[in-house]
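I opened the model to go through its strands, helices and chain contact. My notes follow in the order in which I looked things up.

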Amino acid sequence: MGILRDIGTWLWRLLPGNPILVRVVSTGSKRTRHLWARLIYLAVLMVVFLAAGRLLIGGGESLADLAKQATRTFMYVSLVQLFLMSFVAPVFCAGAITQEKDANTYHILLTTPLSNAQIVLGSLLSRLYFVWVLLLAGLPIFCVTMIHGGVTTTEVFESFGLAACTGLVTGSIAIMISFTKVGTRRTIFSFFIGVAVYLLGVAGIGLSSFGQLPEAPVATGMAQSQSALRMSWLAPVHPLLALLVVTGQTNAPLPSDVHHYGWPARWLLAYPQYGYMVLTTLASGLMVLLSLIWVRRGTKEGEATILSRVLDRFVPQTDGRRRHKARRVWRNPIAWREAATRASAGGRSLLRLLFILAGFVFGVILLVMHHSGSMGPGAVGAALTRAWLVPLVWIELAVILLVVTNTAATTLTREKETQTIELLLSTPLTSRYIIAGMLQGLVRLVVPLIAVPTLTVALFAGADLLHRAQGNPVVTVEAVFMIPVVMTAFTALAAIVGLHFSLLSRKTVQAVMISTAVVMGGAGLLTACGWAMRGTNVHVAGAVLPFTPVWSVQALLDPWEAAERASPVNWSTGSSGVSPRSVVAFRVTRTLFSLIAATVYLAITYALYSSMVRGFDMTVRRQST
Amino acid sequence: MIIQTINLTKRYGKLVALNNLHLEIEEGECFGYIGPNGAGKTTTIRILATLLQPTWGEARVCGHVVGYESRKIRPLIGYVPDFFGAYEDMVVQEYLEFFASAYDITGKKRNQIVGDVLELTDLAYKREDLVDGLSRGMKQRLSIARVLLHDPKVLMLDEPASGLDPRARIEIRELLKELHRMGKTILISSHILPELADLCTSIGIIEQGELIFQGSVREAVRRAQTGSVVHVVTPDDQAKAQELLVGLPHVEDAMVRDGEIVVTLDSDTTDFSFIAEAMLQSKLRIREIKQEEVNLETAFMRLTKGIVQ
């Protein structure tokens with residue numbers, strides 16, 4: 001009996017009575033910030049629910065229609081729920097990476113009688129508590145979709161299971177990073193980007209022809225009207241691809257069809273939604289286990305490890321002092337610090353170099369493939385090369401925007417967190433000087449990055465000039481000059497947005513999350529607007545597209561494609577009515593409006609900069625009290 | 001008057017951190033600012049360092065009004081906060097050059113000044129060490145080096161000796177004495193009162209946002225000395241001696257404690273020779289008789305009520 005009671009007490013203190021969890025559950029729910037987050041989350045779900053299903057505002061004529069609408073509503077609401085969960089879970093779990101370090105409570109926790117399991121599980125579940133409560137708050141909306149049929153209880157639970165498991169695995173990754181003691185404020189951004197790249201990258205592969213499972217039947221869902229879609233073999237490892245199976249957009253193969261893959265692949269492919277839940281739970285368990293093993297490693301900083309002993313044999317011994325040669329500080333010390341210490345710290349120089357090298361290598365490979373004829377002959381080859389070049393520049397632009405937004409968002413918050421802002425404010429440096437210095441430092445950081453797409457495009461333009469006889473240029477000459485102009489304008493705005501939220505926020509995590517969301521959300525919204533305007537006419541498209549980062553790049557690099565989309569279709573021949581004249585008209589319009597767009601972006605940047613300078617002292621001093 | 005506050009008031013919501021503070025510090029003084037935790041010391045220093053705006057009243061540094069002429073004040077002051085703000089991946093020399101640039105000290109002059117300041121603070125051998133890796137004592141010395149770069153008139157130091165080991169504390173104290181000898185006006189807040197007594201020419205005691213004393217250390221001690229306490233040691237019967245002393249005029253109390261008779265005199269009595277005379281007349285021998293010393297710590301304890309906001 002005694003043993004059973006002890007086990008019971010141990011289990012009680014491990015989870016329901018875990019002091020770390022109890023503290024968060026009893027205080028976290030009352031925070032205004034959390035209430036607002038819940039409200040916004042539910043409002044978004046509600047808007048999607050009403051817009052997609054029109055259940056509450058009419059539209060259904062028969063029971064069958066209502067059931068179809070309910071199915072469609074369920075699909076959209078599930079997709080949005082998963083999307084929000086994929087965004088919200090990293091946001092709430094990322095804080096775990098540095099929270100203990102920031103509050104200096106890590107060592108205190110380790111000296112209490114709390115076991116490793118209590119510390120790790122308490123930290124994990126206190127993070128997941130909010131995410132899962134948020135998820136549960138949306139359950140009534142899903143219940144309404146079930147009223148009219150077309151949606152089963154199993155589907156609702158599967159959809160929730162996928163979202164909950166996404167939260168679980170994200171939280172486990174954050175906790176593992178936190179407890180393996182490699183977590184710093186820099187890690188948060190990498191974590192955030194890692195999650196985003198995984199979700200978008202794997203989804204992209206999964207939805208491409210390469211990612212589709214041949215054994216899976218072609219979908220009979222609503223997506224069929226656009227293109228035939230099979231389930232991806234990546235569905236068991238990706239929540240969105242698994243959700244497509246749950247909502248009937250893709251169909252899982254029968255177990256007998258995938259029998260030849262052997263266990264467990266055949267089970268994972270036949271039941272991808274359950275496969276995802278099992279795999280993420282197992283992965284989370286593994287990460288929790290690793291955290292348990294490593295939880296006390298943080299107290300052993302500086303101790304010799306097997307790796308350090310091996311390295312010591314090859315690297316000359318030092319006296320243990322951390323030092324390097326002093327560098328020359330520039331006339332503007334803020335700009336120097338941004339460029340020389342912040343941008344180069346923690347291997348960031350290496351990452352930048354890797355980006356530059358990768359960009360050039362891809363560009364050169366594409367150029368060689370084009371001129372060796374691997375992309376096809378003449379106009380077809382040029383079009384195919386452009387089809388690769390445009391996404392390459394898109395990726396480079398996205399990386400540049402993310403890097404500059406993140407770096408800008410951390411500038412002032414880092415000063416606040418290390419309290420160096422007080423030292424700066426007690427010097428004669430003015431707010432204009434401080435912000436200008438930060439911008440100058442950011443420019444130094446970004447210039448080599450913008451040079452990558454610019455030089456890539458210049459390489460193609462140069463090669464086009466050399467092979468003029470072929471008559472099918474890959475890029476236009478004006479693109480070489482306009483690409484750096486528009487990229488600089490977009491980047492400047494992203495930088496000032498990052499700086500703006502860095503000024504307004506007290507914490508780096510908060511500033512990074514808000515500014516990344518604003519920049520990426522804004523870019524996404526403009527991309528959607530541009531998408532809607534692409535098919536109008538050459539003049540309108542040429543005037544509108546330069547204002548959107550994504551389509552601006554395409555309009556500059558591939559005016560033929562953009563002009564073709566913007567030209568009316570000749571219904572008698574079935575082809576679009578693009579003519580050389582239309583292309584020229586489009587090129588002229590988009591070049592002119594690219595300049596105007598760049599001016600507008602820079603004007604907005606300057607307006608934000610001026611407003612920051614005016615409000616800097618007041619904001620910082622208010623925060624310091 | 002190099003520092004002057006008139007009715008200086010600072011409120012954080014409902015909390016009154018400073019309440020009509022009147023403070024006056026002469027040029028060349030080393031002013032010790034003491035008070036319990038939460039009394040308003042850091043708030044005063046942060047206002048004088050132009051980091052905070054007063055809610056009410058006025059603060060002047062070198063004749064310039066804080067809030068209106070802050071830009072004129074900043075080159076004239078050196079502020080050392082009660083924490084050390086370190087930048088990542090910066091070595092000692094870069095750290096000083098960084099702040100020298102912030103004070104518009106450039107070119108050869110900057111090299112010269114940074115070198116001089118490193119020598120003065122005995123940090124020259126650490127010039128290529130990362131700031132993050134320095135010990136707390138070294139960081140504090142670096143903080144002082146930082147504020148000497150632009151040769152300010154006034155140094156404002158908030159708890160500079162906090163958390164330092166005895167050696168580092170003595171080194172910092174000697175450095176501050178040297179700076180005082182060089183003519184700097186120093187405003188220093190600290191909880192280590194014996195060191196302030198040794199260093200400061202005058203002190204201010206603040207409690208609950210109000211200045212309850214300003215003057216020299218000697219004056220503070222005198223003010224705190226409400227009644228002399230005399231310790232008497234006798235090899236004879238202590239109970240008999242106590243009985244005798246309690247009955248003497250001007251004696252408020254006498255008690256035996258740790259083998260001594262502790263005699264408290266009334267506030268008007270400073271001469272305690274009558275105790276010796278009375279004891280000798282009663283054939284009680286005296287091994288030792290001495291007046292209890294009132295130091296700054298005792299004065300602080302007596303002058304403040306120990307109420308923390």
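The model is predicted, so I read each entry below as a property of the prediction. I then looked up the two strands as a pair. Strand β9 (residues 202-207) of chain B pairs with β10(B) in the antiparallel sense, over 5 bridges.

Next I looked up the sheet around them. It is an open sheet of 6 strands in chain B, in the order β6-β7-β8-β3-β9-β10, and its pairing is mixed. I noted β6 (77-80) and β10 (210-215) of chain B as the edge strands, each with pairing on one side only. With direction ignored, neighbouring strands of this sheet are turned against each other by 15 degrees on average.

Helix α1 (residues 41-48) of chain B lies across β3 (30-34), β7 (154-158), β8 (185-189) and β9 of chain B. I noted the angle of α1(B) to β7(B) as about 150 degrees.

I then took chain B as a whole. I found 11 helices and 14 strands listed for chain B. Its radius of gyration is 25 Å, well over the 19 Å that the globule rule gives for 309 residues, so chain B is more spread out than a compact globule. Along the principal axes, the C-alpha atoms of chain B fill a box of roughly 80 × 45 × 30 Å. Of the 309 residues in chain B, 41% are buried. Among contacts in chain B with a separation of 6 or more, 70% are between residues 24 or more positions apart.

My last entry is a helix pair in chain A. The axes of α10 (residues 239-246) and α12 (residues 272-294) of chain A come within 8 Å and cross at roughly 145 degrees. The crossing of α10(A) and α12(A) is left-handed. I listed P239(A), A242(A), V245(A) and V246(A) from α10(A), against P272(A), Q273(A) and Y276(A) from α12(A), as the residues that make the contact. Their classes are 6 nonpolar, 1 polar and no charged residues.

How values were computed: Residues numbered from 1 in each chain as written. Chains lettered and ligands numbered in written order. Predicted model: local features only at pLDDT ≥ 70, side-chain atom pairs only at ≥ 80, totals over all residues. Axes fitted to C-alpha atoms, helices over the stretch in contact; angles between N-to-C directions. Helix = DSSP H or I, 4+ residues; strand = E, 2+ residues; numbered from the N terminus. Left-handed = near helix turned anticlockwise from the far one by under 90°. Contact = placed C-beta atoms within 7 Å. Nonpolar A, V, L, I, M, F, W, Y, C, P; charged D, E, K, R; others polar. Rg over C-alpha atoms; globule rule 2.2 N^0.38 Å. Buried ≥ 20, exposed ≤ 12 C-beta atoms within 10 Å, placed from the backbone. Pairing = 2+ DSSP bridges.
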